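Thank you all for coming. I would like to walk you through one structure today, starting with a term we will need and then moving to the rings inside the fold.

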Amino acid sequence: METTVNEFKVTYYVGIMLAQGGTLKIMDDHLLFVPRNIEKAMGASDVEIPYSQIKLVDVTGTITESLMVRTQEKAHRFVGSDLPKVCEEINRVLARINPAAVPAASPQ
């Protein structure tokens, strides 16, 4: 059974002009973005990001902060409140899973 370590209300940018509100769940072995029901009614689906694919997690931006979760294939962008805390929580889980391979945050 999967357990949620923590969850946060965020907006996920599917593309430059398309964003979906929902919940980012920090699970035992992956991140899971679950769109709101209204978003799902319009065709949105859950986005799962396995920790094994994450190369970097950091917070960027000055006016509007963005949580960037970068994988080999894609840069996933989230906005919301308290993003440094979200980033810290994700990196804490990554360190627990594989201490030698924790992605370093980029200098700001």
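When I call a residue buried, I mean that its relative accessible area is under 20%, so F78, at 0% relative accessibility, counts as buried. Please keep in mind that what you see is a predicted model.

Let me turn to the overall layout. The protein has two helices and seven strands, and reading along the sequence they follow the pattern β-β-β-α-β-β-β-β-α. Of the 108 residues in the protein, 40% are buried.

Now to the aromatic rings, where the structure holds three aromatic pairs. In one of them, Y12 and F33 form a tilted pair, with 5.2 Å from centre to centre and 40 degrees between the planes. That pair links distant parts of the chain, since Y12 lies in strand β1 and F33 in strand β3, 21 residues apart. Y12 is buried at 2% relative accessibility, and F33 is buried as well, with a relative accessible area of 1%. The rings of F33 and F78 have their centres 6.2 Å apart and their planes at 55 degrees, so this pair is tilted; here the link runs from strand β3 to strand β7, across 45 residues.

Which residue has its charged end over the ring of Y13? It is R77, and its charged end sits 4.2 Å from the ring centre.

Finally, a point about the backbone: D82, although not a glycine, has a positive phi of about 60 degrees. D82 is placed in the loop between β7 and α2, and it is partly exposed, with a relative accessible area of 46%.

Terms used:
Residues are numbered from 1 along each chain as its sequence is written. This is a predicted model: local features need pLDDT of at least 70, side-chain atom pairs count only at pLDDT 80 or more; totals for chains, interfaces and linings use all residues. Side-chain values use heavy atoms; hydrogens and water are left out. Helices (H or I, at least four residues) and strands (E, at least two) are DSSP runs, numbered from the N terminus. Buried means under 20% relative accessible area, exposed over 50%, partly exposed in between (1.4 Å probe, protein chains only). Rings of Phe, Tyr and Trp (its six-membered ring) pair if their centres lie within 6.5 Å; planes under 30 degrees apart count as stacked, over 60 as edge-to-face and the rest as tilted. A charge sits over a ring if NZ of Lys or CZ of Arg is within 6 Å of the ring centre and within 35 degrees of the ring normal.
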